[in-house]
Amino acid sequence: MSTSLAPTPIVRLEALSPRGVDVYAKLEWFLPTGSLKDRVAAAMMEKARSEGRITPGTKLLEPSSGNTGIAMARLAMLWGVPLTVVMPEGSSAERIETLKTFGTRILFSPQPEGANGAVRVAEEMAASGDYLMLHQYANPANVEAHYSGTGREIVTQLDRVDVLVAGLGTGGTLMGAGAAVRESFPRAQVVAAEPPVGELITGLRSMEAGYIPPIFDAGRLDRRVLVRLRPTIEHTRLLLTAEGLFAGPSCGAALAVALRVAREMRSGTVVTIFPDAGWKYLSTGIYTGPLDQSVEKASDQILW
Amino acid sequence: MMHTIRLPTILRVHAGGDSSVTARGSTVGEAFSDLGKRYPALASQLLEPDGSVPVFVNVFLNDEDIRYLEGLDTPISQPSEITVLPSVAGG
């Protein structure tokens, strides 16, 4: 089952859908390493292998705050290809341990630079020519994976989509699934849930040091909503208590936007994508205890 | 009408270290112009010489990206929160 990916389930959020509106969530944690990044890793790595760019001597390198690294780690292990993942310091212990379980080498980038720092360090290393960096932020296979996978599955599973809501990280989900959804439902809106990462990053030297993934085209969104840490954690907990879904924090951020959009509608269908489950985030303390304490504790960690 | 403008860490140096500042205006652009009177260095980070918002800067009015509203011409009808954030990666 090296890269076969069955369609993931879509569920209606029975307790949380506002009257007249159906809010559906696509549960991506049913994929082999528990996140939607299995799609991206498989697409990028299969393509590179079919082009002869991955051979027995290849050393893979990838910047990732966790899920992409873990998904690539599984395939790299199966293929017998060494993988180095550059991740920001402050990533949760579970993500680090999972990468180690798959035999991955981990290098840490400075925490104050967040994921931007991981991209910077990996790009500097890749410049030496010793590594093959598939670069999820710049690789069209990332978008393609979400077009032919996530997006095509959605339009097969649902008869109607008025709004697609997904988190913004590399932009791959929004660009790929967004294109597939628009193809079948031309009037559908594509809405980004922006995680509050920019607030937490202290290590940028200037605004110009910001990073826009090359695969991301802001012109292909209809709306972009910022979700702060507190509502992110609140909605992650709400999924647990109202729907019994033990989801990761990026699901909480996506839900917050999906409900915001749904409450503005009188009828229709909103579909959102839940990237991963909560297991990898237990040590961050976001699921239990007073909310204020959870927000405080999570504010200096890398949740995305 | 007074609005709160929340600043990312890297811009606070231009606002005396404060994490937020206040400004008046009936559009986002007017609020930025008002800000520029007191914090010219800050305004130069938020606006290009041609008056547009730099590509690496994201501006949210009550959490909605103004790019998908009316940009700097987006009207503000009540005291609001404007959040400025750098573009960052995730994933």
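**Notebook: domains, a helix and a chain contact**

I looked up the domains first: the C-alpha centres of domain 1 of chain A and domain 2 of chain A lie 23 Å apart. This is a predicted model, where local features need pLDDT of at least 70 and side-chain atom pairs count only at pLDDT 80 or more, while totals for chains, interfaces and linings use all residues. Residues are numbered from 1 along each chain as its sequence is written, and chains are lettered from A in the order in which they are written.

Domain 1 of chain A covers 10-36 + 139-298 and domain 2 covers 37-133; such bounds come from an automatic or database domain assignment. I found that their contact (C-beta atoms, placed from the backbone, within 7 Å) takes 29 residues from domain 1 of chain A and 23 residues from domain 2 of chain A. On the domain 1 side, α5(A) gives the most, with 7 residues.

Next I turned to helix α2 of chain A, residues 67-79. Helices here are DSSP runs of H or I with at least four residues, and strands are runs of E with at least two. I noted that 10 of the 13 residues of α2(A) are buried, so this helix is largely enclosed by the rest of the structure. Buried means that 20 or more other C-beta atoms, placed from the backbone, lie within 10 Å of the residue's own. The buried residues of α2(A) pack against α1, β3, β4 and α3 of chain A. Just after α2(A), I saw G80(A) take a positive phi of about 70°.

Last, I checked the chains: 22 residues of chain B are in contact with 34 residues of chain A. On the chain B side, β5(B) gives the most, with 3 residues.

Notes
Expected span 1.5 Å × (residues − 1). Buried ≥ 20, exposed ≤ 12 C-beta atoms within 10 Å, placed from the backbone. Contact = placed C-beta atoms within 7 Å.
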